[in-house]
Amino acid sequence: MYLETHAHEWRQSGIDRTLIDLNLLSLDETEIAEWYFQYLPSTARRNDGRVRDGYLRAYKEPLKGGWGIKGYNPTDWNRGPELRCFKPNSPRIGSDGKPIKYDLPKNSSFDPIFPKVSYAIASLIFRSAGLNFLELTQKYAPHELVMGIVDENECSWFWLAVLDNPIIPISIAEGGKKALSLLSIGRCAIAVTSITTWREFKGSKKLHPWLALFAPQRNFYLTFDQDEKPKTKKAVNLQSLKLGTTLTKSGASKVRRISWSGTSKGIDDFIYLLQNKYGERYCQKIIRKCYQNARNYLKFDKSQQLPGKIKSVNKKYLELADIAEAALAKLLIVKSAKGTGKTEIVTDLVATDQRNGIATINLVHLERLAREAGIRLGLPYRTEKGTVSLRNALGYSLCLDSFTPDNSVPFHPEHWSDAGLIMDEFTQSLGHLAFGSTELKKYRKLVLATLGQKLADCWANNKPIRLLDADANVESVELIYELIQLYSDREITRDELEDNTFTLVNEYKSELGKLYFYDEPSPKQIRADLVAQMKQQKNLFIVTSAQKPESSDGTINLEELAKKHYLPSEILRIDSTTTGDPTHPAFNINGDRLKELIYLGNYQIIIASPTICTGISIDEVDGYFDAVFSFQSGNLTPNSVRQQLVRLRDFLVPRYLWCPKIGQGFIGSASTNPIELLTDQKGEAKLGLQLLGSKAAEQLIESNVCPLTKYWSVVGAIANREKYYYREILLYQLEEEGWQIITRFPHDDDALQRAWEERKEIRAESVRSENTTVATAHELSHTDASLLERKRNLSAAQQAQLDKYKLQQKYSIAEITPELVAAERKKLYSALRLRFWLTKGREYLERSDRELLEKTQERNNGSFFIPDFNQKISISKVKLLELLNLERFERRETQWSNNSPELIELKQFVGLDLVRFNQILGCGIAITDSPITVVQKIFKQIGKKLPYQKNSRNGNKRLRIYGAATSKFNLDAVETEILENWSSYYLYKYTGETDFAA
């Protein structure tokens, strides 16, 4: 018998009803006590046989109840199943201070669990192994054939038949529920109660004798948890390696380890998710694929294996001799740490190609890198004056944004079919291709097609493809492979791709120094420590993840802080603004120029944004800097943060780092499951297309799923996982990289509070100053603005003028005030635009969205990129908002609270499809949010809020009262003018009824 609460827990692990009925036991205090204390010595009991009080106190909580699982002893089938595992409702606390989730009798050890299996499940498992169920029944239980087999009844001879038939593969799961979950979908599974209880006893290196019985000539699959915590992951990988080795020594044919995508920690969570979200058939399909893709246990705990013929070295600097064996390979992959000479050996290869008359196309993700790499490789940049004939002969360097036939310097793959291709930092380049928000997003599919054709041409014409990256990964190489296959004129097999790939992996790690990590929720202590060092006039190198004045720890505000302690001439700020300003010392700065400035001793403090995440190395300046400070907000990938920290090659200089626990800028629906991430995107696109009148939305979507879409979902899921565990993953990677991490904790004192208040004041003043600068900038004519937009480099004054002009065009108004600039920084435009489509612009919405789609298809040879399409169109957002009837909350004189029936009803309605509301609207609503919080998050999307008015009493509880929705930007008159002007513009555009044109 079992309690419903326990059965519910099992059902949420995807366990079949028949297995619940056969295996779940809800235990009372007497049963638990008999099991817990069965091995106690006589001295542990009083003369009357009662267990002594000390034991009863220690086990007080578990004795209150819980559930257990029985299992067979395969060395003695006649004994019948016995209780093997117990999960208390209220666990006791172990010596490590953590609750003991699964418990065992005092003075005993855990044994593997061979649970009861129903006839229905047994027949499914036997048939999948190619065994005849009736013949097996005739062999092991002929009397049951006579009596008749009932699916729900126990197949008591199941494990004996498994033991006798090594053709049946066995999965080993961590925990009884996980094993039963696998059994429920037809996978034979044995449970061990933890990742270490596969051993004969604690400390033993031998396999548990019960498992050893089943090992000979059998395939095993390890299905241990996929924990995101790096330390736990490392422990699981280690135990998997040990178990796999021990099983192999015991005669197992193969041992592989299962992995799955997403946040599901355990295999039972993953199965339950698939069953409930996609159905039983889809669940079986995905689990089957997981088993097919299972990796050898020896390789699982290492970094994912790159394809091709692999050569591993461990060298501080690479040499040409290291890739001598790659002479005949069509594709060369070099994975080597920063500063180990990747670019140098490729430079030699390019020089050789040039002597042999082979041109080279160098493709990167940033224009600055394209220019610098071109200089190193002896290649002109794409727009370099007077180099047309040189480009035609040698090839040239360019960034992905320019890699199309439609560019000002068009790239036609057919004109360069005999040229080789280099992609330095190729994982970042492909990431930019999938996620970049620059001009590239207008032509993303066209750039993809151009890249695919160039790769295919190289492959067909035996011209070299060279991919370099310190963090080369399987996902990026797989995209390269898929593009070669897709754009080739003939079929290219996987074997052909791998046989012609040479991969050099340099395992060298620099001897890194000390890194002080600040374990605090906000960067208070690190800010105070920075100020203290500034006061001492230390030479500091500061890297940060932001630039804008609204970012407290961005380059602009850190520069203002530095000015309180240094002369302006002693501070060098490097970000996208200063590197593009011809009047600034950081203009067009590169590594050599930066080192030159340091040699001259001009600067005591350098503040840099992600502009120098890649491409700039600062070496040969040992002893100049006293410290490196790193302020991270969570928007950069852990890899980019690590790159920032090693830009300065002097590793004796201590690093000081703060980052948040959770990152920001999640991809798509924020899922960590690539299947789910892509499915959500396709669902959103389908809804949008249907609302725009498409009668073949599903076919249109499927026709636009391409290798880049799949890459987007896989890499996006990985990025989301890194965001959820941002701090933990970053610190783990830094430790693995070789940093000596020292944790610093905050000390709440006057200096810390002063530094924190100063931080707020500097930010407020910077924002005010910047807003005023833009609002009071000289107004540009349309002609002057066009001239400035075509210029690549602008002074600060010119940038302010252009920013003002863009705001005038964006909002269709002439007067730009500091208040409007401030609102723009708080995302006024996107909120006001959505409000416009929901209200005054509703009649023009479908037509406008259709035009966006058509324009995208026109630019990209008739195709579109699904995630971009979802970001551009507004019809889906508006349709969802219309379902909520928000107008009722905008009526004057109305008051609202968490007790308002309309708000409660709205929360319940949103909760019915919470994932879709969050994905399409970007609300970030949590299931635990109050009704007021839910409506506030929704109104925020259109730039409104319910203003707080007063407190009220509801019995003993305080109740906050809110008024009717108003603008959150407090620019009612300006907002009304903007909406009216937009309305006039679209009226004129689509009907010609007025003479207004924005």
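Student: Which residues form a nonpolar patch on the surface?

Tutor: In this predicted model, Leu883, Phe909 and Leu912 form one, with about 330 Å² of accessible area together.

Student: Where is Leu883 found, and is it buried or exposed?

Tutor: Leu883 is found in helix H37. Exposed means over 50% relative accessible area. Leu883 has a relative accessible area of 52%, so it counts as exposed.

Student: Which helix packs against H37 through its buried residues?

Tutor: That is helix H40, residues 931-940. The buried residues of H40 pack against H37 (875-884), helix H38 (901-912), strand S23 (944-945) and strand S25 (957-962).

Student: How many residues of H40 are buried, and which are they?

Tutor: H40 is mostly covered, with 7 of its 10 residues buried. They are Pro931, Ile932, Val934, Val935, Gln936, Ile938 and Phe939.

Student: Next, the sheets. How do strands of a sheet pair?

Tutor: Backbone hydrogen bonds join them, in either a parallel or an antiparallel sense. Here, an open sheet of 7 strands shows parallel pairing, in the order S9-S15-S10-S14-S13-S11-S12. Strand S9 (309-313) and strand S12 (395-399) are the edge strands, each pairing on one side only. From one strand to the next, the twist averages 15°.

Student: How many bridges pair S9 with S15?

Tutor: There are 5 bridges between S9 and strand S15 (residues 501-506), in the parallel sense. As for individual residues, Lys311 stands opposite Leu504 in S15.

Student: Which helix packs on the sheet and touches S10, S11, S13 and S14?

Tutor: Helix H19 (residues 444-460) does, and its direction makes about 125° with that of S13. Helix H15 (residues 342-355) lies across strand S10 (331-335), strand S11 (360-364), strand S13 (420-424) and strand S14 (465-468). The angle between H15 and S14 is about 165°.

Student: What do the side chains do in a regular strand?

Tutor: They alternate between the two faces of the sheet. Strand S7 (residues 254-257) has Val255 and Arg257 on a covered face, and Lys254 and Arg256 on an uncovered one.

Student: Which strands are joined to S7 by bridges, and are they parallel or antiparallel to S7?

Tutor: Strand S6 (residues 219-222) runs parallel to S7, joined by 4 bridges. Strand S8 (residues 295-296) runs antiparallel to S7, joined by 2 bridges.

How values were computed: Residues numbered from 1 in each chain as written. Predicted model: local features only at pLDDT ≥ 70, side-chain atom pairs only at ≥ 80, totals over all residues. Heavy atoms only, no water. Buried < 20%, exposed > 50% of the residue type's maximum accessible area, 1.4 Å probe, protein only. Contact = heavy atoms within 4.5 Å. Patch = residues over 30% accessible without salt bridge, like charges linked within 9 Å, V, L, I, M, F, W, Y side chains within 5 Å. Areas by Shrake-Rupley, 256 points an atom, 1.4 Å probe, with all protein chains shown as cover. Salt bridge = Lys/Arg side-chain N within 4 Å of Asp/Glu carboxyl O. Pairing = 2+ DSSP bridges. Axes fitted to C-alpha atoms, helices over the stretch in contact; angles between N-to-C directions.
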